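Here are a few exercises to work through with the model open next to you. Try each task before you read the solution.

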Amino acid sequence: MMTRSAGVLLLLLLGLCQAARHLPEEGNGVDIDNIDEINEIDDIPEDLEHDDSVDVTDSILSSNNGTEEILWEGDLVAPMTRNAMKCWNQQCQWSKKSNGVVEIPYTVSRDFTRGDTQKIERGMQGFHSSTCIRFVQRSNQRDFIAIVNKGGCYSSLGRTGGRQELSLKRGGCVFHGVIQHEINHALGFKHEQTRSDRDRYVRINFGNIDKAMTYNFDKADTNNLNTPYDYASVMHYGPRAFSVNGRDSITALQRGVSFGQRNGLSRMDINRINALYRC
Ligand SMILES: [Zn+2]
């Protein structure tokens, strides 16, 4: 988890970004070298799945412990530019071509092994099979996702413009569910438990969460795309996310549901991608 000073820094940053919101929004003038992200999905063969033994949240949060990035909600790169700020207001989708396909150029760092790269691409193929999203190797496109091996699992939210990094730390993040989770952020999706209506579905146990970390459970004015709350979403944090005492930080209000999965996109995650991008 993050340190207290990182928490304070985040709060400061939130203030700055609030101020930035009042600036005029025009998309250009972005530092192209400043940003990042990526995507992926289902049908995992046994051999790729067997080592994904930890839930997505646990992998992400433990891998991000100690990263120097400024992250919100555990794994979202804090917007540093006006253009990136727009993405937090859901105005940063990838564009659709006239043939109805949303092409997202990407690069994969040479830090990754062949096996890592196969897993990453396997994740992307899941999106291809169920949505109109198509990841294509970058040639010279301006906006693209650079998949890198940095200090954790994280992504920007939506298309930020220019090069945007999606980090999948080797050894901690190159798992099908984590890959798809981070890619889904890059498509513009936030965490399920920050949904505007989440209090009808889950209880957040603030007593079990470090006070400096409670901002990770702030509700957001999310676009829920007329879809129901989805405990099975790959974007839903696990029951002990940010817990300081090993007790649950999130409790489902419905009986018999589990959350904090590791398998990848849920049926509803897929429906939402198709709704957001009008596939
Ligand atoms: Zn996340």
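**Exercise 1: the zinc site**

The donor residues of the zinc ion follow the spacing D-x105-H-x3-H-x5-H in sequence. A quick note before we go on: this is a predicted model, where local features need pLDDT of at least 70, side-chain atom pairs count only at pLDDT 80 or more, and totals for chains, interfaces and linings use all residues. Residues are numbered from 1 along each chain as its sequence is written, and side-chain values use heavy atoms, with hydrogens and water left out.

Task: find which atoms coordinate the zinc ion, and where Asp75 and His185 sit in the chain.

Solution. 
- Step 1. Look for donors (N, O and S atoms within 2.8 Å of the metal, or 3.2 Å for Na, K and Ca; water is not among the atoms, so sites may look incomplete).
- Step 2. Helices (H or I, at least four residues) and strands (E, at least two) are DSSP runs, numbered from the N terminus.
- Step 3. Check burial, where buried means under 20% relative accessible area, exposed over 50% and partly exposed in between (1.4 Å probe, protein chains only). Asp75 comes out at 0% and is buried; His185 is buried at 0% too.

**Exercise 2: two helices**

Task: work out at what angle α3 and α6 pack.

Solution. 
- Step 1. Helix α3 (residues 56-63) packs on α6 at about 75°, and the axes are 9 Å apart.
- Step 2. The two helices are therefore roughly perpendicular (that label covers 65 to 115 degrees).
- Step 3. Val56, Ser59 and Ile60 of α3 make the contact with Gly177, Val178, His181 and Glu182 of α6 (contact is heavy atoms within 4.5 Å).

**Exercise 3: aromatic rings**

Task: say how many aromatic pairs the structure holds, then classify Phe127 with Phe135.

Solution. 
- Step 1. Rings of Phe, Tyr and Trp (its six-membered ring) pair if their centres lie within 6.5 Å; planes under 30 degrees apart are stacked, over 60 edge-to-face and the rest tilted. There are 7 aromatic pairs.
- Step 2. Phe127 and Phe135 are edge-to-face, at 5.9 Å centre to centre and 85° between the planes. Both Phe127 and Phe135 are buried.

Terms used:
Axes are lines fitted to C-alpha atoms, for helices over the stretch in contact, and angles run from 0 to 180 degrees between N-to-C directions. Angles under 35 degrees count as roughly parallel, over 145 as roughly antiparallel, 65 to 115 as roughly perpendicular and the rest as oblique.
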